[in-house]
Amino acid sequence: MSKIDQITVEVIHNYLLSAAKEMERNLMRTSYNTIIYEIRDFGLGIYDTQFRLLAESPGLAIFTRGNDYGLMKTMEFLGVGNIDPGDVVLTSYPYWSSAHPLDVLAVSPIFHEDRLIGYTAIKQHWLDLGQKDPGYCLDTTSVYQEGLLLPAAKIYKQGVLNQELLNIIRFNNRLPNRVIGDMNAQISACRTGERRVKELVEKFGVDTYEQAIEEILDHGERIARARLAELPNGTWSAEDWLDDDGVDKDTMLKLKVEVTITGEEMIIDWTGSQPATVGPMNLPLGCTLGVSGLAFKGVTTPDTPANAGNFRPLTVIAPEGEMMHAIPPAPTFTIWASLLAPEVILKALAQGLPDVVPACSGGDVFDVMGLGVHPKTGRSWVEATNEGVGFGGHAHGDGEDGIMHLTEPGCRNNPVEVLEMKAPWIVENYYLRRDSGGPGEHRGGLGVTRTYHFLAPSSVLTLVKKTKTKPWGMAGGKDGENGHVIVWPGTEKEEITGAISYPMAAEDVIVNNSGGGGGWGDPFKRDPEKVLEDVRNDFVSLASAKDDYGVVIDPKTMTIEAKTTVAMRGSEPSS
Amino acid sequence: MRISVDIGGTFTDVILLDEETGSLRLEKVETTPENPADGVLAAFAKADAEIDKIDYFVHGTTLGINALLTRTGARVAIVTTKGFRDVYLLARTSREPMYDFKYRKPVSLVPRYLAFEVNERMDYQGNVLTPFDKASASEVARRLREQDIESVAVCFLHSYANPNHELAMAEVLSQECPGVSVTLSHNLSREYREYERTSTTVIDAYVKPITRSYLEKLDRELRSEGFAGRFLMTRSGGGAMTLETAKAQPVHLVLSGPAGGVIGGAHLSKLIGHENLITLDMGGTSLDASLVTDGQVTVENEQYFQTLPISIPTIDIHTIGAGGGSIAWISEGGHLQVGPESAGAVPGPACYNKGGEDATFTDAALTIGYLDPDNFLGGEIKIDATLAEQSIGKLAKRINMSLHEAASGIVRISEAKIAGAVRVISIERGYHPKEFSILAFGGGGAFVGASVARELGIPRVIVPPGPANFSALGMLMVDIVHDFAQTHVVGLEDVDIKTVNEIYAGLMSSCEQALAEDGFDKKHRTFLPSAELRYQGQEHTVNIPMPGHKLESGQVSGIVEDFNTAHERQYGHSMLEDPVEIVTLRLRGLGLLPRPDLPKIGNGSGDVKGARKGSRPVYQYDSGEHLSYSVYDRGRLLGGDRIEGPAIVEEPSSTTVIHGGDIMTVGEYGELVVQLPL
């Protein structure tokens, strides 16, 4: 391409990024459901005709990458010749859409005159599709218990609403009004992106546009390859464990990965992981590809906007029919393997790239969902919030405290004042968990505690699948505290657990503790002044300062006792 | 006489308007960061202002935002509800960078050990669950004294619904920590979401002591020099506020920096008969874009400083790092990029010859011929075209481009980014740019105005008189503004109009009282009631003007219709069958100040030869060739004068570029109106 076109490429790239951003704003502002506008349980992007991602906007990172595969399968089934301007297609068949059936993918084609030039795609969480249990499923054993399956079904045909499909959705639904409101927001946001790309193509012409997107993708590939070339070559493997599959509560599920870096590519191989599970912990292939891509991008090009070019040097292997590559009719509702998967990839890489990757984060999204009928309004309610975790320490600094998991960057917590206005419960407290961050020269971040006190009969679901193993430290750093849920604390029934679905009576209490990040490096090498600062801020207790960091602090004066500290550490403190 | 002084990072702008003679004096002095009050007095002197004859002094300052940027504000403590000390530190636990596993939040304004808890609790309706525990409040007060706290941010859960516990805390603090500055969250925001309200409160507390002492000192010094007029401050939500309000709620100053230009734009829009404007204020480090619709500024109810939310009504200004000093660079993948890093005033663009080596937007504009090296800032600053070419040449070589290709590429990429910023405040808010004119000002606005207009299909670019000082000019046009709001969630279907009217009556009485305290009689007060509405189930709202503050039930269907229309415009769809609900009732009160008349310039003969200074070649991005642009002196143009592009109109601190096919005419206030052939 001619040299001057490079400027046009940059102009078109900026335009696509802002169009994706506008889709996000439109969706957030018009949706009917806290899970979208506060938690941002969605992923959206703009694609070319070959289903290659051109631009995305922050949401759930696992969704966006999985959408690539979902869009491809949707169009393969429908046939590219069978899509018209003004169509909107819905897919909730998990082996295609690459998440559980409540995460519905909407696809809108973009036409310039009569020519198909690309797609916009949004996957977002729908509150209901008639699945076995209200809210969420933790123990399905087949996809046929998991809600209405929409196989590339047109909700709009050439701009006209398909009333029959709308009725099917409405009649297979516990919360039809909110779901339809959300669906309208989703379609409107798809159309917003579609309009913007059309305007762009009208302005520059199809030829220029198509040349530009090739260059945008090639550029994405070049920077990924350049970064990959800087990393050491080798093969490393790692494993970690999920609590259970929701049906058999006594068997932990293994995630095993082997990661190879050559000068040319990265290969992520899930062979040796858990075979297919009876309960709904199986992962659709697109989701496995997505989360593997998330880790790859985080290690190579975290600082540039994502596009399909970034992922060209990545190969992912997941044996068909196993947990990491579900086939019909395997249940897939609890897609929590997708949260742990990028952590395990980083764990493998930690052996070869100790200065690049962080220790394990709190390891999960620690979601609590409540549902019931509000005694004041008589209306059904569903509210949820994910909780921040500690990030892992790394070679260049501490892990952040109380921040959403690696897989859900755009996600926000649900404010206490919103939760209490919408649902019959009181949040008793919300704070950082002292000493939950793994000790290290660079400390792991702290997890979070939130306590719910129900005021009326309701149900509670907790979505947590990493409570039995600790977030690992690395390079000599210690493990972080794992998260867990405490139901009925301080009573005879008290139960410390992970994922549950229980009825709650008025005055019942549940405590959600999220995990801290692992530490990086020998904690005895941590600057004693930093340990003192952590104690002053109550991030670290006096006891942990002494036992884990070898720093003895006088609680009255809040100063370091130099002599005992030296004795503990066996060397001069660095300050 | 009126005078405005706008303190910026590098320069302080001053405008003196003599309403009797109609003369307008525009000056600049250097900003004196160590003692800004000296800078104000120096500005008065530079403009030869007779201090005892000044009726109105309107002031804008970056003091607050600088304290935030450099983390040099007060030592602040947070006082909150028991169990919730970490609401502020945790924030919304989110992050914008998607793939950064090592992300850190910006450094907190308040360390964790300075967040204290008091035993008290309300529910969301304002019912007391745990009474205010005075003993625990006194214990907190003791620890605040021990920690030498200067300023306290009090934010209790659900205080928007019932502020009594915050008031009780203020009482304890006034007795036990006399002299300590106190900010109560409910005084700034009566809306729910505890983190956003806490953040707003903390920012106010953080800048309060420094703002208060600065304003008191400045007022004292001005009074001792004989100043007897009204001292007003610009406000981020539009309009101005009195000195007393500014000292009590300095959070309204924090984002007020770019507000003056937008307020000026709103006023000018009515004078010149173009009431829909997109304002483009391009300075040295950044560009601010905003929207004026039907002669009014547009206001959003939440803005951010870094990632910290400020929940007060704020003019909807979108700022991007695209200024004259924005640095061009090559990405790892070999693509030319511009900004957001800026060379600032020091070392500045390479052509300033102050040691800057990076190629900037200004260097590119000079290289392609937009700027005249011998006439920069009216010849006051000598710039060096060779240094500009060297800096760009180095980049060009790395990406295999010619010098001029690279230079025009830098300008083109900047223009594309600016067009993106305009899209955010127009298309994304449901307004089509073709219904607007661009008002281009700041040092660089008039360079890029015509190209940005072309990119977006905007038919017209207007360059106001004194574009480089336009923010200060805008500050002369203000009214006093007070905003009040109350969250009240209720469906419009079964709304009890009486309750709504009672809330409006309460807001009215607060507003009336505030305006009376500011000295406005009933004749000089105006009220703008509005409400935040949404479909039941949605979270985000759309602000809809109300027909009055005493509603009748017959008006409800019209309000619903207005909401449906606005929703359709903003988001492309509406849900006619879904119930609509009120979330927040708002009232904006204006204290009307006499409007200054902007001086008009006389009409010319229609012959512009006398203003023509010559011509120079300008490199064309599309054709890759140079084209000759006629060059005119703005100072010699008069009303009705007409120039066909390609042409350049120069004035001491700004340069207007008119491309081939564009036609420029001079309006009666001296504004340049560039019409594009669309």
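**Exercise 1. Two helices in chain A**

Task: Describe how H8(A) passes H9(A), and state which residues meet.

Solution. 
Step 1. Start with the handedness. In this predicted model, H8(A) crosses H9(A) in a right-handed manner.

Step 2. Locate the helices. H8 of chain A spans residues 285-300, and H9 of chain A spans residues 337-352. Their axes come within 9 Å and cross at roughly 40 degrees.

Step 3. Classify the angle. Under 35 degrees would count as roughly parallel, and 65 to 115 as roughly perpendicular. H8(A) and H9(A) are therefore oblique to each other.

Step 4. List the residues that meet. H8(A) brings Cys287(A), Thr288(A), Val291(A), Ser292(A), Leu294(A), Ala295(A) and Val299(A). H9(A) answers with Ser338(A), Ala341(A), Pro342(A), Ile345(A), Leu346(A) and Leu349(A).

Step 5. Sort them by class. The contact of H8(A) with H9(A) has ten nonpolar residues, three polar residues and no charged ones.

**Exercise 2. The sheet of chain A**

Task: Work out the strand order of the seven-stranded sheet in chain A, then find what packs on the sheet.

Solution. 
Step 1. Read the order. The strands run S2-S1-S5-S4-S3-S6-S7 in chain A. The sheet is open, and its pairing is antiparallel.

Step 2. Find the edges. S2 (53-57) and S7 (160-161) of chain A each have a single partner strand, so one side of each lacks a neighbour in the sheet.

Step 3. Look at one pair. S1 (residues 42-47) and S5 (residues 115-125) of chain A are antiparallel and share six bridges. Tyr47(A) stands opposite Tyr119(A), which lies in S5(A).

**Exercise 3. Where chain B touches chain A**

Task: How many residues of chain B are in contact with chain A, and which helix supplies the largest share?

Solution. 
Step 1. Check the confidence. Chain B has a mean pLDDT of 91, and 99% of its residues reach 70 or more. The model scores ipTM 0.93 and pTM 0.91.

Step 2. Count both sides. In chain B, 57 residues are in contact with 64 residues of chain A.

Step 3. Find the helices. H3 (87-90), H7 (194-224) and H13 (403-425) of chain B each supply at least two residues to this side. H13(B) gives the largest share, eight residues.

Step 4. Sort by class. The side of chain B that touches chain A has 22 nonpolar, 14 polar and 21 charged residues.

Key:
Residues numbered from 1 in each chain as written. Chains lettered and ligands numbered in written order. Predicted model: local features only at pLDDT ≥ 70, side-chain atom pairs only at ≥ 80, totals over all residues. pLDDT = per-residue confidence, 0-100. Axes fitted to C-alpha atoms, helices over the stretch in contact; angles between N-to-C directions. Helix = DSSP H or I, 4+ residues; strand = E, 2+ residues; numbered from the N terminus. Parallel < 35°, antiparallel > 145°, perpendicular 65-115°, else oblique. Left-handed = near helix turned anticlockwise from the far one by under 90°. Nonpolar A, V, L, I, M, F, W, Y, C, P; charged D, E, K, R; others polar. Pairing = 2+ DSSP bridges.
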